[in-house]
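Dear colleague,

I am handing over the structure that we talked about, and below it you will find some notes on what turned up. Please read them with the structure open beside you.

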Amino acid sequence: MRFVDEYRRSDLAQAVIGRIRRGSTRKARLMEFCGGHTVAILRHGIRQLLPPTVEMLSGPGCPVCVTDNSDLDKAIALARLPRVILTTFGDMLKVRGSRSSLQEVRAEGADVRTVYSTLDALQVARDNPGRPVVFLGVGFETTAPTVAASVLQASREGINNYHVLSFHKLCPPAIRAILDSGEVDLQGLVCPGHVSAVIGSQPWEFVASEYGIPCVVSGFEPLDILQCIDMLVSQIEKGESRVEIAYRRGVHAEGNQRALELMYEVFEVCPAQWRGLGTVPGSGLRLRKEFAAFDAELAFDFDPGPTLHPKGCICGDILRAVKRPSDCQLFGRVCTPASPVGPCMVSSEGSCAACYQYGDGAAGE
Amino acid sequence: MEMELPVSDRILMAHGSGGKLAHELIAKGVLPALSNPLLDRLDDAAVFEVSGRLAFTTDTYVVNPIFFPGGDIGRLAVCGTVNDLSMTGAVPLYLSLAFVIEEGLSQDELGMVVSSVRQAAAEAGVQVVTGDTKVVNRGSVDKIFVNTGGVGLVPEAVEISGSKAQPGDKVIVSGTLGDHGIAVLSQREGLTFGTELQSDCAPLNRLVAEMIEVSPRIHCLRDPTRGGLATTLNELAAQSRVSIRIYEERLPVRDEVRAACDMLGFDPLYVANEGKLVAIVPPDDAEAVLDKMRRNRYARDAAIIGEVGEASPGRVVMKTRLGASRIVDMLVGDPLPRIC
């Protein structure tokens, strides 16, 4: 298949792996921010192919995983309201909040529907004019513009039963929070490809200039990731710290201006609650005042109840890359994809689910 | 003067009552298409003679939507049960067929399902010899659920079981992975991606007979339906207490399936098939079996994808294109499309 096979060619991959092995002499602890990268790295077995100097750490880039229990509780409480239709992307269904999950309240009778795009959610609103339809807005800069577009469309059409519960998050402030905590010793950052396709590479400059950490934006195919690691290792060896793009077919330095305009037309920056990171200033998106009528937090009266966290679950530490899934006492025993305790075991992009599914890279036969 | 019964295109609760409408539905809508001497007797049970080792299986089919590219629930219900019988090496003979219909289904839709049953049964060379029809309230089932049971005869000297894989055996898959699952998914409400992809739904009994002809020593056969190839290989590895190693670059996957999986965050290894089989074959017979398979229309893309090993019983490992190894686990839960 064109545009895929080229990026999975094993002869080219072997050449890049050889170059990384020969070139890497210094410690290189690299964080892949994005859950999609974590999955690709484990799925293709990339960790096994790297020299001992290069270590890959999984970051907080899984939108399902970083959604805090307090926010999940809000979604669940909203779904329980009479007549409300809650629409959501599929992978939010199984994540447990303090006391329940959307899947469980659906089984109890709540009207929770899986959609594949925000425009589908808007269609549900058109088809059910007498009922409030809430879209659960979870995601990063990749998703937020599409949600903004749905709000603008609803506004144009005068659809007044459509609401968004916005838990959208911005990625660069989360990296700043991790670096400021000083908990993680990092020499390089694999910047998220899809997020950077929207925001560009410029928003990562502070990581290189203020923290002296090399950054490379990567795609999701094995060769993209290997090339990104090679570029990071090369900067580390030379003692440089710059932002580079190893995903030129998808990402430009300035990003996607149209998407950003849409996003900021509807949303404004606010503090957000991250699982594992707590409240991170300037890392969330809420609806602007002009669109307050579409804001589910304002449109409904609901009580999410007190926030609880499951005992023994270390998803928060895993999302900060302070711990690995295998450090968790629950991993693979109490917590499995069939009966997940924490969100990192639920989402297909979660580090725990990926480690469970593919092995953590150390496993051979 | 006799009055005609009111004609409605919709199936009503009364069609399941056992009364006149019920008889009419079966007599006009079902029996003519499936007619054969054993069924036409219309006794409470079909009576027939067989001698030898009997294989006996049943499965219930629920699929949304009931019509999908490359098939429908009727074809699925025949092929699924024919294939389950075939995976023991049995030659399928007779099927039972039961419908649970949601009131309001159109008679045309039922007619199309029955017609697909007829075609698939004819293709597989099996007869539907007994059946049942129930109608339930709207919402009690989703349009139509179908159950089929089947019996078949296992030829002498054929000993096929999931517990018989031996170290050194070769693992063969009969064709491209994930076609059915992605074809069905592409038709789901709310998920609109254009694809020419067709379900692979097909009866595999003739293919199996041809394979057994070449190698009566085939150790395991299984159809990787729900849970996909990964789940089937894990079952076989556990049952036979062996390890299985497969090679990513040898797995046959259509471009359309790969693209859809990449987009949705699925892995073709876990996507359902309805017309594929996995065979575990002694190494000396593998090439001959593969050669024979590729001449069958349902196995043109067959490939040897791996081999059976001794170490770590129950484990399935895949050598990736990059030369690394990773675990291939069973599918857990429903695969859900991802956010980003």
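**Cysteines**

The sulfur of C201(B) lies 4.0 Å from the closest cysteine sulfur, that of C79(B), which is too far for a bond, because a disulfide is taken to be a pair of cysteine sulfur atoms within 2.5 Å. C201(B) counts as buried, at 3% relative accessibility, where buried means under 20% relative accessible area, exposed over 50%, and partly exposed in between, with a 1.4 Å probe and protein chains only.

Before going on, please note that this is a predicted model, in which local features need pLDDT of at least 70 and side-chain atom pairs count only at pLDDT 80 or more, while totals for chains, interfaces and linings use all residues. Residues are numbered from 1 along each chain as its sequence is written, chains are lettered from A and ligands numbered from 1 in the order in which they are written, and side-chain values use heavy atoms, with hydrogens and water left out.

Over all chains, the count comes to one disulfide. C62(A) and C65(A) form this link, with their sulfur atoms 2.3 Å apart, and both of these cysteines are buried. The link of C62(A) and C65(A) is right-handed, with 70 degrees about the S-S bond. C315(A), by contrast, is in no disulfide, and the nearest cysteine sulfur, that of C344(A), is 3.5 Å away.

**Salt bridges**

A search of the whole structure finds 40 salt bridges over all chains, each being a side-chain nitrogen of Lys or Arg within 4 Å of a carboxyl oxygen of Asp or Glu. In chain B, the side chains of D179(B) and R254(B) meet in one of them, at 2.9 Å from N to O. D179(B) lies in helix α5 and R254(B) in the loop between β9 and α8 of chain B, so the pair ties together parts that are 75 residues apart in sequence; helices (H or I, at least four residues) and strands (E, at least two) are DSSP runs, numbered from the N terminus. D179(B) counts as buried, at 1% relative accessibility, whereas R254(B) is partly exposed, at 33%.

In chain A, E210(A) forms a salt bridge with R176(A), the closest N and O atoms being 3.0 Å apart. Here E210(A) belongs to helix α11 and R176(A) to helix α9 of chain A, so the pair joins parts that are 34 residues apart in sequence. E210(A) counts as exposed, at 51% relative accessibility, while R176(A) is partly exposed, at 30%.
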